[in-house]
Amino acid sequence: MPSDPVLPAAGQQLLPLLSGEPEPAEGTSSSCCAPTGRGGAAGGGAAHEHPEGRHPADAVPLGPRSARGQVRVPAGTFAMGDAHGDGYPADGETPVHRVELSAYLIDAKAVTNAQYAAFVKATGYVTDAERDGVSAVFHLAVEAARGDVLGPAAGTPWWLAVRGADWRHPGGPRSSAADLPNHPVVHVSWRDAQAYCRWAGKRLPTEAEWERAARGGLDGARYPWGDELRPKGRWRCNIWQGRFPEVNTLEDGHLTTAPVTAYLPNGLGLHNTVGNVWEWCQDVFRPTEYADRVAAGGPVRDPLAAEAVVDPGQEGGVPRVMRGGSYLCHDSYCNRYRVAARSANTAESSSGNIGFRCANDIA
């Protein structure tokens with residue numbers, strides 16, 4: 001993807017809207033993270049259902065169990081949550097609490113464009129963004145004709161709804177994921193990730209599994225490598241440098257996604273667990289989840305946030321956990337590139353900075 005693919009017309013339109021610093025994020029749905037809904041518009045879950053009430057992801061054939069590309073995380077207990085007071089209160093990163101996990105497997109890297117292409121070729125699956133015909137693209141990454149840029153998401157002009165943006169075309173119709181085979185697939189909803197997992201013989205990690213693996217054995221550390229963001233002055237993750245959302249100085253070499261193995265792995269062998277792209281987890285998002293666990297007393301074993309009770313046609317409105325931050329995270333607006341950081345989006349939402357990795361039970 002070109003380093004500065006913004007459309008002149010779109011850029012000119014945005015300039016007045018992007019003046020000044022953005023307000024610091026305080027809630028769980030910070031739009032530097034990812035806008036909610038179809039192309040940044042809220043709602044739309046029911047539009048993705050089959051007439052009998054099922055989503056196409058449910059029809060993907062179950063593949064044989066596979067541990068390909070996965071690393072083993074041994075059974076054990078770890079301290080989950082923000083030990084530094086860095087998080088946003090509404091995200092529910094505290095209190096820190098002990099979590100006991102059974103052994104499991106998790107992908108060493110995020111699912112790539114090449115891997116998702118193989119899935120689509122084998123199954124004919126159509127993602128939510130493709131079914132909608134629109135998804136959200138960061139304004140400096142748009143590669144589309146003027147008529148395909150439908151406008152900014154409400155209150156967040158750096159996110160543009162772009163017709164034809166999807167996993168095949170991450171910046172819009174004039175871009176191609178075929179040029180980025182080893183980059184993480186993006187514009188995939190939680191439901192699209194579930195579909196891939198079914199086919200691949202895997203599953204999404206729970207939030208607790210994700211955090212323990214992302215820490216790489218460093219309980220209480222801010223990052224997978226320790227507490228210092230840039231040890232010896234080197235970037236260890238793909239996040240924003242410069243003035244968000246107008247100027248990215250590209251000190252780490254990336255405007256948007258980086259290859260899934262671009263940075264050194266953590267102590268367990270996982271690459272890019274912070275920065276690059278948000279990663280879906282299995283859990284429903286509950287800001288009080290950690291407090292409720294502590295109130296229950298004692299270490300919690302293999303936790304999974306309970307499914308919300310909703311009407312059958314409203315699954316899209318259920319918030320699902322996202323972890324790890326993305327290439328848009330920056331101290332001035334969203335410091336969610338820490339291993340304890342939490343965020344959420346609805347099951348049908350997609351954008352140019354959301355991907356996933358898979359997990360598995362031990363056979």
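The model is predicted.

Strand S12, residues 319-323, runs antiparallel to S13, and five bridges link them. Arg323 has Arg342 in S13 as its bridge partner.

The next sheet has three strands. It is also open, with the order S1-S4-S15 and antiparallel pairing. Its edge strands are S1 (70-73) and S15 (359-361). Each has a single partner strand, so one side of each is left without a neighbour in the sheet. On average, neighbouring strands of this sheet are turned by 25° against each other, direction ignored.

S1 and strand S4 (residues 104-107) are antiparallel and share four bridges. Here Arg72 sits opposite Leu105 in S4. A helix covers these strands too. Helix H5, residues 207-215, lies across S1, S4 and S15. H5 runs at about 70° to S4.

**Two helices that pack**

Two packed helices are described by the angle between their axes and the distance between the axes. For H2 and H4, the angle is about 75° and the axes are 10 Å apart. Are they parallel or perpendicular to each other? Angles of 65 to 115 degrees count as roughly perpendicular, and H2 and H4 are therefore roughly perpendicular to each other.

Which residues make the contact? From H2 come Gln115, Tyr116, Ala118, Phe119, Ala122 and Thr123. They meet Asp192, Ala195, Tyr196 and Trp199 in H4. By class, this contact of H2 with H4 has seven nonpolar, two polar and one charged residues.

**Empty spaces**

Rolling a probe the size of a water molecule over the atoms shows where empty space is left. The whole structure holds four cavities of 30 Å³ or more.

| Space | Volume | Lining by class |
|---|---|---|
| Largest pocket | about 250 Å³ | six nonpolar, three polar, four charged |
| Second largest cavity | about 80 Å³ | seven nonpolar, four polar, one charged |

The largest pocket is lined by 13 residues. Arg68, Gln115, Tyr196, Ala200 and Lys202 lie nearest its centre. The packed helices return here. Helix H2 (113-123) and helix H4 (190-200) each supply at least two residues of this lining. H4 gives the largest share, three residues.

The lining of the second largest cavity includes Pro224, Trp225, Arg236, Tyr263 and Leu264. Among its other lining residues are Pro265, Asn266, His271 and Val274.

**Backbone details**

Which bonds are cis? Pro95 lies in the loop between strand S2 (76-80) and strand S3 (97-101). A cis peptide bond also joins Phe244 and Pro245, with omega about 5°. Pro245 lies in the loop between strand S8 (242-243) and strand S9 (247-248).

Lys232 has a phi near 55°. That is a positive value in a residue other than glycine. Lys232 is placed in the loop between H5 and S8.

Methods
Residues numbered from 1 in each chain as written. Predicted model: local features only at pLDDT ≥ 70, side-chain atom pairs only at ≥ 80, totals over all residues. Heavy atoms only, no water. Pairing = 2+ DSSP bridges. Axes fitted to C-alpha atoms, helices over the stretch in contact; angles between N-to-C directions. Contact = heavy atoms within 4.5 Å. 1 Å grid on protein atoms, 1.4 Å probe; cavity = no way out; pocket = protein on both sides within 12 Å on 5 of 7 lines; lining within 4 Å. Points joined across faces, edges and corners; volume = space filled by probe spheres on them. Nonpolar A, V, L, I, M, F, W, Y, C, P; charged D, E, K, R; others polar. Parallel < 35°, antiparallel > 145°, perpendicular 65-115°, else oblique.
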